[in-house]
Structure formats: C-alpha cells, structure tokens
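Thank you all for coming. I would like to take you through one interface and then one residue, and I will give the criteria as we go.

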Amino acid sequence: MNKIATAEETILEIKDLKLWYKVYKGYSKVLDGVNLTVRKGEKVGIVGEAGCGKTTTVKSILGIIPEKQYLIPGGEIFYKGKDVLTMSEKQINEIRSGEISMIYQEPSAALNPVFTIGQQMMDVVRFSAQGKGKDKKERKKMVLQAIQDVFIPDPERIFHFYPNQLSGGMKQRICIAMAIMTQRDLMIADEPGTALDVTIQDQVHKTLNSLVEKRNMSLIMITHSLGVARELTDSINVMYAGNVVESAITSEVFKHTLHPYTKGLMEAVPRLAGGGIQSGIYGSIPDYLYPPRGCRFAPRCPRATKECTEKKPELIDVGDRHKAACFHI
Amino acid sequence: MNFKRFILHRLLLSIIVIFGLSIVIFCIARIIPGDPARMALGATATDYALENFREENHLNEVLPVQYVYWIGGVLRGDFGISTMTSRPVSGDIMEFLPATLEVVVLAALFLVVGSIFLGTLAAKHRDSVLDGLIRVFSYAGVAMPGFVLAILLMLLFGYVWPVIPVLGRLSHGITSPPSITGMYTVDSLLSGDFKTFWNAFLHTLVPALALCAGGMFQEARLVRNAMTENMGRDYLAAMKGYGVPNRLIMNKYLLKPSLIPAVSCMGMDIASLMSNAFLIEVIFGWPGISKYGMNGMLAKDLNAISGVIMVFGILFVGINILVDIIVAYLDPRIRLGGGK
C-alpha cells in the first residue's frame, strides 16, 4: 500500500542540524536542530513559511552555501551512512556529481544569463559521474534527451537559446532537465513552480513527479503550500523557525494534526467552498539574531504557557511514525 | 542575424556622429580668438602678404563655404597645410599619431589585463589586506591626476631607481628602425632588431603606466564588486551543486557576467586615453599627436587643430563601436534586445 512500509532503507538522515549565518551583528541562528529522515524511494515534503530555513537545510546537504558565510555548531547529515559534514571537498563532489541533484527555487536565478542553455548543460554533464569520460557527441545526446524528457519540443533549438529567450515555465523545465540528466538517487526540489502561475506550476509538478517515479528516486520537496505537499508527497515535515515541529505520513498530518503551528498553517489556507480566510497565524518569524529561549513558536502560539518560553520541546514520537515538538499534545 | 544588424546600425550611427563632429570642430577652431593669418606669418608680415594668405586659404569666404572647401579636402584625405610646420597636416598626423598610438595601445593593454587580473584577485581574497590595498589604490587613482603620477614615476625610475628609461622614445646612440608603421616597437620587431625593440619597449613602459593607472585601479574595483556581488548567485550555487569544479565556476561562470559593467567603463577610459596623453607626452618628451594638436591650438593653426581632433573623434567612435560589440558578445540580453 504505502511505499514507506515496503522500503525501509534510509538514504538520508539529518540529525539535530544547527546552522548559523555570520552577519554583521553576530550570528543569525537559523537552523536550531533540524531532524529529517528520507527513505529510499520516498517523497518527503518540507513545509513552512518563507524564512523558516527550508532552503538552508537542503543547501547544507550539498554544501553549497558560500564559505565564510556560515558556521555549523552541531549536527550530522548522514547520506547513505556517511556524514557529509566531515567529508573532504573531493568526497562531497562525488555526491554532488553522482548521487544528489537539486532544482532551485527561482529558475531565472538558477540559470546563468550569459551562457546558452546548451553551454551550461554540457558542463554539468561533463562533470557528472555518468558523463565523465564520454566524448562531446555522447554528452550532447544526453543533454538533448534530458530536454526532451521534460516535454520541451525541438531540444536542438532550445540548446542554443539563452535563458532570457525562454518563458518562466520553460526555464523551470530546463532546471529540472539539468537535475535529471544523469541518474541520481536523491532529488531535492526547492519550491519548483513557486515562481510560475498555477497552471504551469501544475504541469511542472506533474513532470517532476513522473520523472521521480519512473527513475525510482527519492525526493525532498520543499514547498510553502500544504496543498502541493498533500498531492505530491508520502510524508511531510513541517518546519518553523529552524526546527522541524511536526513530522508524519502525509495523510496522518491532515487527519490528526498535532502541532499548533501546523493547525495554524491549515487554517490559513483560503477555501473555495466559502468562509474566506480563516484565523491563520498572527505575527512573523522570530529574529534569528536573538531567537526566543524556549520554543521558538511560543510568541505566536495560542496555547503557549510559561514552560514553552523556558524550555525547548524535543521532537518526540507520538506513535505511528508521527512526531511532534510541543508540550501540549 | 540580429547581431549583424546591430553592428550595421552602430556603424551608420557613427557616420552621422563623425559628420556632426566635423561641423563642430570646424566652427570651434575658427571661434578661438586670434587672426590665423597674423599668427602664421608673424608680426612683421605686410598687409599684402596677409591678404594673400587669407585668399589662398579661403578665409574671406563665409563659414559654410569655407566648410565645404575643407570637408571636400578631408574626404580626399587632404587636411590642408599646417602653418606651424608648413607641411601637409595629413603627413604630420602620420608622423605623430603612431608615437601616441604606441603608448596608448600599451596603456590600453595594461588597463584591460591589469584591471581584470587585479579585480579577480581582490574578489578571490575579499576583505583581505590585498583587497584593501587595491581599494586604496583605486581611490588614489581617482583622486590623483595622471600627470602627478607621471612625475612621481619619473622621479622613481629616473632618479631613485634608474632601471627604466623615462625620456624620449629611444636611448641615445640607438638609431630608429626603418619606418613601416611608425611605431618603433612594431617596426623594430618587423625588421628583426630585438635590441631596438627592447629599448623602445622600455621607453614606452613608464608613460603607458602613468597613463593607464587611474583607470586600471578603478576598473579593477568594478570587476571586483561585480564578482563579489555575483558570487552569491543561485546559478553558481547550482553549478557547484552539480559537481562542476570550482576553478571552472570562477573563471567561466563567474567571470563572464562580472565583466559587463567594467568593459563599458573601460571603453570610455581607453577612448579618452588619446586625449589624456597630452600631459604624458609633455612630461616624457614624447613626440606624439596630442602635443602636436595642443601646439596647433596655441598657434591657431586651423588645419592642424581640425585634423587632429577629427582623428581623435574617429578613433573615439571606432573604439566605442568595438566596445559595444564586445559588450554585446558578453551579454546576450543586449545582443538579442531582450526579446525572443
């Protein structure tokens, strides 16, 4: 019935990851102990509002946050049993070129404006685990195939295009093509489609979904929309201010919502059936320079007590693969 | 296809610009106070001689008619006779222009190579001592006029540490190479005389350095800023995330987009090197065209002034077209007009 029940092999495990950005005034303590597990073939969603550390979390897996800008005071990221944080640049490059690929949030920003689609994709293939050692002709064939795989007609023509000659949807497809050019085991999709209008977004999601399933990849899908997550993922991790606050199988999250933040998120979704926008959550994400001492959600939480402001709740098992970090569940 | 049309468009536009320039130059040269006939023939010339001179040079006609005479000559490559040297202006230009070009070309080379090299270096070692040093130099480069630097360099290499010659085009006792292009370095190379080449090259070095330093450090800053700004871009993170080696990301995917602002600025700087060369030529005793043109203005040598400025104008426009083409090559968004 569910893939998770059959495939129990863990491919990625993030344990208590903390990441601080260096800023002028000190450290911006963005990640405050993220826990995340991805099993083989599983589609995992990370949901949360803008600025909660979703992108930072996945970028730290690949080690692509510019150096000198951050500090990792604690935590581990195990990919297939090995901690990527302790790997040498050469080892981690092997993972980047052959194991994990990522689709970036903003397609216009993820493509270099002064090189053609072909030039960029050729270099990506050239240094990928599969493309290494292949001659130019073979590599071009791989690139054209990838462009075709994301349902773009006439790949030969697109090959010579510059990014600014393509529409937003086409650019996002090219980004996906770049990520699926060679076989990878884990795909990270950082809000693919957020920059696009709804119909195009739907097409992009479907394309991505079918490719992931066809190639038997695991997927981490970042989104701020619970609706998208419900449609595309097997399990959901709700993030708030650098913490995973609730984690469960997708249907379970919607059936037995536990964390007050997740509840708030659900109430914030406008419903077509009427009633307009519900209560939602007031306030905004805390200042990461001086985050709240206890639960980071406490200042906005309708159920916060004194305990919440003093102690940080751990992400605890509440049964049936359902975890939550709250004192009041 | 689009690219060809783009270049054609620029060429046609530049012809109009040069035509306009010729009118402006022609008028300005004649508005400068002073009687060209008196200036040419001296204080003791007779009225008859002056009148004769005016008649010969069409100075009694109204300005539009004078212009037609002059532009007609220019189109045939005849800029008239210089009253300073009593030779055809075109011949004078052919003699003095190569000397200036020799310095300017080397200065332009320093400017381009130096600014990209220093800018990349500063960006790579951002916020280090080296970066700070380049920053200081770039501010100093803006603040300090070229001739001050020229004098300082002259003091350094002529007196304190005399390893590079600082006066003239060749050392005493070295004969100039056979004139082919008029540029000593090129001519000596063409005739296979390496000793003369080296000597001529050393003589060009300090003037070229003095000429380009200000622009070079400024543009290094531009390259550095563009690079540090682009370093955080997603497309570089993406490339890194796909396992593309850092060296390639830096030298290809970061460098090319970062050059665009600097190249536009370099174009302007290189074009104005020609006219900035005057003070450098005076200081280093360099027999160049800027010096010739300036002397022409002091002597109200109408043909020399117009001729020199026309040459400057044509070179300026030519360099600008070249820069536009380079920028269009670097940035497809300009080349393709942003459309589909």
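A polar contact, as I use the term, is a pair of N or O atoms within 3.5 Å, where within protein one must be able to donate a hydrogen and the other to accept it, and where residues adjacent in sequence count only if both atoms are side-chain atoms. By that rule, nine residue pairs, both members at pLDDT 80 or more, are in polar contact across the interface of chain B and chain A.

This is a predicted model, in which local features need pLDDT of at least 70 and side-chain atom pairs count only at pLDDT 80 or more, while totals for chains, interfaces and linings use all residues. Residues are numbered from 1 along each chain as its sequence is written, chains are lettered from A in the order in which they are written, and side-chain values use heavy atoms, with hydrogens and water left out.

The two chains bury about 2,700 Å² between them, 59% of it on carbon and sulfur atoms, buried area being the accessible area (1.4 Å probe) that two parts lose on being put together, summed over both. In chain B, the residues that lose the most area to chain A are B:D234, B:K240 and B:Y242, together 27% of what that side buries.

Two salt bridges are found across this interface, a salt bridge being a side-chain nitrogen of Lys or Arg within 4 Å of a carboxyl oxygen of Asp or Glu. B:K252 forms a salt bridge with A:D123, with the closest N and O atoms 2.8 Å apart.

Finally, A:N237 counts as buried because its relative accessibility is 3%, where buried means under 20% relative accessible area (1.4 Å probe, protein chains only).

Methods:
Buried < 20%, exposed > 50% of the residue type's maximum accessible area, 1.4 Å probe, protein only.
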